[in-house]
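Work through the following exercises with the sequence and the model at hand. Each task is followed by a solution in steps.

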Amino acid sequence: MKYLQFIVLLLTTLIINVQPVSAQQQSRKTERGSMLRQRISINENWKFYQYDSGNKADNLIYDVRPEVKDEKEDKVADSRPTEAVKVESTQEVLKPWILPLGNKFIKDPSRHHIQPQGNPGSNFPFVQGKFDDRGWETIELPHDWAIKGPFQKGENAEVGGGMGRLPVNGVAWYRKKLDIPASDIGKSVFLDVDGAMSYTMVWLNGQLVGGWPYGYNSWRLDLTPYMVPGGENQLAIRVDNPNNSARWYPGAGIYRNVWLVKTSPIHVGQWGTIVTTTGISKASATINLQVTIDNDTKTEARVEVITHIFALDAKFNKMGEAVASIAAINSKVNAGESTKVEGSVILNKPRLWGPRPTQIPNLYVAVTTLLKDGKPIDQYETRFGIRTLEFDPDKGILVNGEHILIKGVNQHHDLGALGSAFNTRAAERQLEILREMGCNAIRMSHNPPAPELLELTDKMGFLVIDEIFDSWERKKTPHDFHLIFPDWYEADTRAFVHRDRNCPSVMMWSFGNEVGEQYTGNEGAAVGKRLYDIFKEEDSTRPTTCAMNFANSDMALPQVPDVIGLNYQGEGIRQTAEFEGTDRIRTSPQYDAFHAKFPHKLILSTETASAFSSRGIYLFPVSKEISAPVRDGRGGDSKIAQVSSYELHAVDFGSSADKVFASLDQHPFVAGEFVWNGFDYLGEPTPYYSSRSSYSGIIDLAGFKKDRFYLYQSHWLPGLPMVHILPHWNWPERVGQVTPVHVFTSGDEAELFLNGKSLGLKKKQPYEYRLRWDSVKYEPGELKVVAYKNGKKWAENQVKTTGNPMKLEASADRESIKADGKDLSFITVKITDRDGLTVPRSNNRIDFYIEGPGEIVATDNGDSSNMESFISNEREAFNGLALVIIRSKKGKSGSITVTAKSIGLENTMVKIKSR
C-alpha cells in the first residue's frame, strides 16, 4: 500500500431499524430521559483557600518532589532534556491511594494498582463537613487563582518569565456542598473533572475518593460508595501546583468545568461509544458502532440497546426525523462488570464533515438508549462527523478526496488576560481571528485541550493534531510530567484517546513534543513505541506523529510514528556562520533526507517559524536578510524588551515566515505547517525573560493583529484581494532618514506612492513573499500602495501621518451577549486623532467604567513587557490600542454601558445588550 489511508466516520452510539423518530418526539424522549442520566454543572458557589506559601501547606502530598537547585529559568527552548532525579520518600504520601484510579485505563490486570487500607486525611479539618469555611473566598469555576497576579518582577522572582511571572505555584483547597437528594438512592453518581492543575486529590464526606496528577487530562471519580443521599455531602478538593513544572504558563487550580453525573447503575460507560465507518461515498456510508455498558449492580442484567441518529444544525440542534437506525441489540452484562456491543447500518446520502473554507463541517448526533425489561434506564448522546482522511507521502493530506494544504498554528491553552480558566467565547474568538487569516488547522501544544475547544473545532471546521505530552521520562524542567510518566503514561494516554476519538476535527494524534528521548537512541524509541502501540490499540483509524527537533532521519525515533513531524528542521536550524561552534542544535534542511529515508510516510512541519515581533514597534536599521536572529541593534532592544515588527526576525533555531514559505513551496510533498504560534501566550517570553508573555504570536496577547497576520493572510488566502503596508508613518525624528517600507499582498505586484509620487512598481520574484522598498526616505504625509494580480488592479491601501491624540474610540466584537454569567464581549479602544486615525505611538493611560448587568473581568494591551495586573480597570494603551473584556451577569438582562476615559482625550462609550 503506497500510503496510509484512514477513512473515519466519527459517530458514537447506536441506531435502530424502526419507524422514523422526529426531533420533536426525541425531545420528549430526552425530557423523560433526563431523569435517566443527568449531567449537572457544579461550577457555582465554591469556597476557595490557598496557603500563603508552599512551605506552610499541609502534608497531604501526592508524592515527594526533587529539590530545585540553581535552575536556569531562561534556558534556550531547544535545550537538551536531562535525566530524572531519583528521590526517596521519607514521609507518608497519598500516591498509593491515587494510583488505583488509573486501573480502568491499564490494559494488563497484573499491572493494576492495589488500594491500600486506611483513609489518609480523614482527620484533616478541610475535608470535614462541619469545618467552617465562611471565611474562605467564594469563587466560580473554571478558576485560575494565579491570573489576578501580581506579576513578579526582577531576576530573583519566585516565578520567572518562563511560567509567566504569575503566582501559579502553591497548594489550595476547594470545598462545596453537593446536592444529592434521597431520590438518588440506587443511582451511580460520578464527579467529572475536565481539568485541574495539578496533583488533584478529592475527599467526599471525609473519605479519600481518589485523584489525578496530570493537570491537563480529564477524569472521573465514582462518588457512589461515599455519598449520603438525602444527607449532607461535603466535597473537598486539594490542588498542588509546583513551581518549575512547565516551560510556559500552566495556570493554577480547577481551571476547567466540573460536572456531577447521575445515572442508572446500568449505563453507558465513561466515553463509552466508538464509531468508525467504511465505504464512504456521496451515496452512502457504512457506520460501525461499539458501545460499552457498565453494570454497577450485584446482579446480572439483560439490556436492549437502541440508537437514533439525527443531523445537527450549526447550533447543535437536531433537524427533523432520525436519519438512520441500527437494529436493536440485546446483551447480557455480568454483575460488577462491563460489556461491549456492536452494530452497523448503512446511512444514505451522508452529509460529510470537512474543513472550511472549501467544505462544510456537517455534524450528527447519535442518541443511545438502554432498556431493561422494556423500560429505558439510560440515555447517552454523542456528536460526530463523517469524513475520509488520506495521508499521501507525495501529495499530502486529502479530506473527502480534496487536497487540503495544512495552514495551521500551534496554540497553548491560556486565553490571554483571562488566564487558563476556560471560556468558550474567548476560545471561539481566537478561532474566528485565526480563520480570518486563512488558518485551517490547530495543533494542541502540548497537552490535551478543554473538551469544549474540540467542540468548537468540530463546529467551525478546523483540523486538529491532538497532542498529549511535552515530556516523557527525561525532564525539561525539574517538576514537569516526567515525575509521573512511569506510573501514569498508559492511563493518561488511553483516557485521552477515549475522550477525543469521536471528534471529527481530530485528524491525528501526537504522543510527544521535542522529547529528551530523541537523544537516547533505541532506548528512547522504545518508550515512543509503547505510546504508539497504545494509540493504535485504542484507535486504529488515525495516524500518529511525534514532533522532533533533534532526531534526524537515521535515528531510531522517527521510525516509530506514522507521520514524520518536524519542528524547524525543514528549514534548517542555526545554519549561518555565526552559530559555528555552538553546543545547540545545528541541522541542515531535512525535508529531502526524511522523504528519501521514509518514502511511505507523510511529512508535516509540526512547528515552523517561531518568529518574533512586538505589535507596532519598528526598530532600525532594518535587516537586509529575509530571516535573522534577534540581537540588540538587530531587530531587538533589550532595554525596552521589544522586537521589531518588520517581521524579519526569529528565535535562533527558527526562521521568518518568508523563509518557511519558500522552503515549503520548494518541497510540495510536505503536507503543510503549524506555525509557532497563533496567539502570544503567557510565559516563555523569549528573547526577554524579564517579560510576562511570548513574542512569537502572529496575534498579540490581547487579540490584536501584528503585521505578520497580514503576511500569512496574503499567502494563505491567495484569492482574497488584500494589501498591507508597514510601518506606520509617524516618524518626526526620522525626517530625511531611510525608513524602509514593506508590503504584504495576495497580488503579484504593487506600486508604492509617497505623497502622490510613485516610488516604483515591484513584482514578486519566485519564492518571494513580500515587496520591499528599502531606500524610502521619510517625509510626513501619505503612503499609498496599489496591488495588481495578473495585470489587473487587485487591492489598495494607505497609511497616513496622523495628528496628535484627540479622542478615544471603542468598538465591541459583539454588541449582544447572553445573560448566562459566562458570555463575553471584547471591546477594543483606540486612541485617534481628530480625523479618527489611530495614533500609532500613543500610550495614554485609559480608565474603564461599567454600568448595568455586566462586569469588567480583564484589561490588556498586548505588550509582553507590561506588568500591570489583568484585573485592573485602568491600563496604558500600547501603540494606540487597549482591550477591555466584559462578562454578563447570570440571569440579569439589560443594557451594559462601558465608558473609557483618558486625561486630555475625548471619552468614548459603547453599549452592549445582555439578553
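**Exercise 1. Determine how Arg37 and Asp378 are paired and what the pair joins.**

Step 1. Arg37 forms a salt bridge with Asp378, and their closest N and O atoms are 2.9 Å apart. A salt bridge here is a side-chain nitrogen of Lys or Arg within 4 Å of a carboxyl oxygen of Asp or Glu.

Step 2. Arg37 belongs to strand E2 (residues 37–41) and Asp378 to strand E19 (residues 375–392), so the pair ties together parts that are 341 residues apart in sequence. Helices (H or I, at least four residues) and strands (E, at least two) are DSSP runs numbered from the N terminus.

Step 3. Arg37 counts as buried at 16% relative accessibility, and Asp378 is buried at 0%. Buried means under 20% relative accessible area, exposed over 50%, and partly exposed in between (1.4 Å probe, protein chains only).

The model is predicted: local features need pLDDT of at least 70 and side-chain atom pairs count only at pLDDT 80 or more, while totals for chains, interfaces and linings use all residues. Residues are numbered from 1 along each chain as its sequence is written, and side-chain values use heavy atoms, with hydrogens and water left out.

**Exercise 2. Describe the salt bridges of Lys890 with Glu44 and of Asp373 with Lys372.**

Step 1. In the salt bridge between Lys890 and Glu44, the closest N and O atoms are 2.4 Å apart. Lys890 lies in the loop between strand E48 (881–888) and strand E49 (894–901), and Glu44 in the loop between E2 and strand E3 (46–50), so this pair ties together parts that are 846 residues apart in sequence.

Step 2. Lys890 is exposed at 54% relative accessibility, whereas Glu44 is partly exposed at 30%.

Step 3. For Asp373 and Lys372, the closest N and O atoms of the salt bridge are 3.5 Å apart. Asp373 is exposed at 68% relative accessibility, and Lys372 is partly exposed at 29%.

Step 4. By the salt-bridge rule, the count comes to 56.

**Exercise 3. Characterise the packing of helix H5 (residues 485–500) against helix H6 (residues 521–538).**

Step 1. H5 and H6 pack at an angle of about 30 degrees, with their axes 9 Å apart. Axes are lines fitted to C-alpha atoms, for helices over the stretch in contact, and angles run from 0 to 180 degrees between N-to-C directions.

Step 2. Residues of H5 including Phe485, Tyr489 and Phe496 meet residues of H6, among them Leu531, Ile534 and Phe535. The residues of this contact divide into eight nonpolar, two polar and five charged.

Step 3. Glu490, Arg494, Glu537 and Glu538 are among the residues linked in a network of salt bridges, which also includes Lys107, Arg111 and Arg501.

**Exercise 4. Is helix H4 (residues 451–460) largely enclosed or open, and what follows H4?**

Step 1. Eight of the 10 residues of H4 are buried, so the helix is largely enclosed by the rest of the structure. Among the buried residues are Pro451, Leu453, Asp458 and Met460.

Step 2. Gly461 follows H4 and has a positive phi, near 85 degrees.

Definitions and conventions:
Contact means heavy atoms within 4.5 Å. Ala, Val, Leu, Ile, Met, Phe, Trp, Tyr, Cys and Pro count as nonpolar, Asp, Glu, Lys and Arg as charged, and the others, Gly among them, as polar.
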